[in-house]
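The following exercises are to be worked with the sequence and the structure at hand. Each task is followed by a solution in steps.

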Amino acid sequence: HVRVLTTSREALRLRGECFYPIEGLAFPGRAETLDAEALARYDAAQLFAQCARRVRRDFDLGREGDAVAHLCQLVEGMPLALELAAAWLRALSVRQVVAALERGQDILTARDRDAPERHRSLRAVLEQSWRLLSVEEQRVLARLSVFWGGCDTQAAEAVTATALDVLASLVEKSLLRASPEGRFQLHELVRQFAAEKLTGATGDAARTHERHCIYYTGFLARQTE
């Protein structure tokens, strides 16, 4: 009657395993207008406020609520990203952190001397996961970055020029999410990272964008028939 609860970067593929993907902390939707009390009910905002008060005693969630909500949305409630962003409040306002994050993820870097090496930046975390992928998985993940807002299975297979088992493998490795409706989606910060990898792949970026255009041109044509 032994039961084991453990975390892993990827599924173990054992018969007794129950696969339970862990998402980010709860965060407010873009359409919501919240006061400080309502915002504080979201786990992502709570964690950010807790980390922010460690570096800035005068941090006020009520005064900076809109910017905090936007930041939580940008990182989709990712705990490490929230902690790394909060550390910058020694020098920047929340709005400045958000503006920097919108330009790229490199601001998500630890400024604490005793931070574990693998948690010193979000890029370090993603690079470690990237190195654990096969060459084909790396290629497919990079190609998936052309999709903003996700895609269905047919589009994913056509644009990435891969088989379903490679997509399933990326889901099992916690880099691609599969919804109950049959759609695939990348976390936005993972998508940005993968887009950089695609840009660095000579020739593949152009071919991928071409397949993307061809697929959706055909999709629109079928809708008008």
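## Exercise 1: Placing Ala168

Ala168 is found in helix H9, which comprises residues 164-172. The model is a predicted one.

**Task.** Determine whether Ala168 is buried, partly exposed or exposed, and state the distance between its C-alpha atom and that of Phe184.

**Solution.** 
1. The relative accessible area of Ala168 is 35%.
2. A residue is buried under 20% and exposed over 50%, with partly exposed in between. Ala168 is therefore partly exposed.
3. Ala168 and Phe184 are 16 residues apart along the chain, and their C-alpha atoms are separated by 9.9 Å.

## Exercise 2: The chain as a whole

**Task.** Describe the secondary structure of the protein chain, its extent and the share of its residues that count as buried.

**Solution.** 
1. The protein chain contains 11 helices and 3 strands.
2. In sequence order, these elements give the pattern α-α-α-α-α-α-α-β-α-α-β-β-α-α.
3. The C-alpha trace spans about 55 × 55 × 35 Å along its principal axes.
4. The chain has 225 residues, of which 41% count as buried.
5. Among contacts with a separation of 6 or more, 62% come from residues 24 or more positions apart.

## Exercise 3: Ser145 and Arg191

**Task.** Locate Ser145 and Arg191, and explain why each counts as buried. Then identify their contacts.

**Solution.** 
1. Ser145 belongs to the loop between H7 and strand S1 (151-152).
2. Ser145 counts as buried because its relative accessibility is 2%.
3. The side chain of Ser145 reaches the backbone oxygen of Ala142 at 2.6 Å. Ala142 is itself one of the buried residues of H7.
4. Leaving aside residues up to four places away in sequence, Ser145 touches Leu186, Arg191, Ala194, Ala195 and Leu198.
5. Arg191 lies in helix H10. Arg191 counts as buried because its relative accessibility is 7%.
6. The side chains of Arg191 and Glu188 are joined by a polar contact of 3.0 Å.
7. With residues up to four places away again left aside, Arg191 touches Ser145, Phe147, Trp148 and Leu186.

## Exercise 4: The packing of H3 and H5

**Task.** Decide whether H3 and H5 are roughly parallel or roughly antiparallel, and describe the residues that meet between them.

**Solution.** 
1. Two packed helices are described by the angle between their axes and the distance between those axes.
2. For H3 (residues 65-74) and H5 (residues 94-103), the angle is about 25 degrees and the axes are 9 Å apart.
3. Angles under 35 degrees count as roughly parallel. H3 and H5 are therefore roughly parallel to each other.
4. The crossing of H3 past H5 is left-handed.
5. On the H3 side, the residues are Asp66, Ala67, Val68, His70, Leu71 and Leu74; in H5 they meet Val94, Arg95, Val97, Val98, Leu101 and Glu102.
6. By class, this contact of H3 with H5 has 8 nonpolar, 1 polar and 3 charged residues.

Technical notes
Residues numbered from 1 in each chain as written. Predicted model: local features only at pLDDT ≥ 70, side-chain atom pairs only at ≥ 80, totals over all residues. Heavy atoms only, no water. Helix = DSSP H or I, 4+ residues; strand = E, 2+ residues; numbered from the N terminus. Buried < 20%, exposed > 50% of the residue type's maximum accessible area, 1.4 Å probe, protein only. Polar contact = N/O pair within 3.5 Å; in protein donor to acceptor, adjacent residues only side chain to side chain. Contact = heavy atoms within 4.5 Å. Axes fitted to C-alpha atoms, helices over the stretch in contact; angles between N-to-C directions. Parallel < 35°, antiparallel > 145°, perpendicular 65-115°, else oblique. Left-handed = near helix turned anticlockwise from the far one by under 90°. Nonpolar A, V, L, I, M, F, W, Y, C, P; charged D, E, K, R; others polar.
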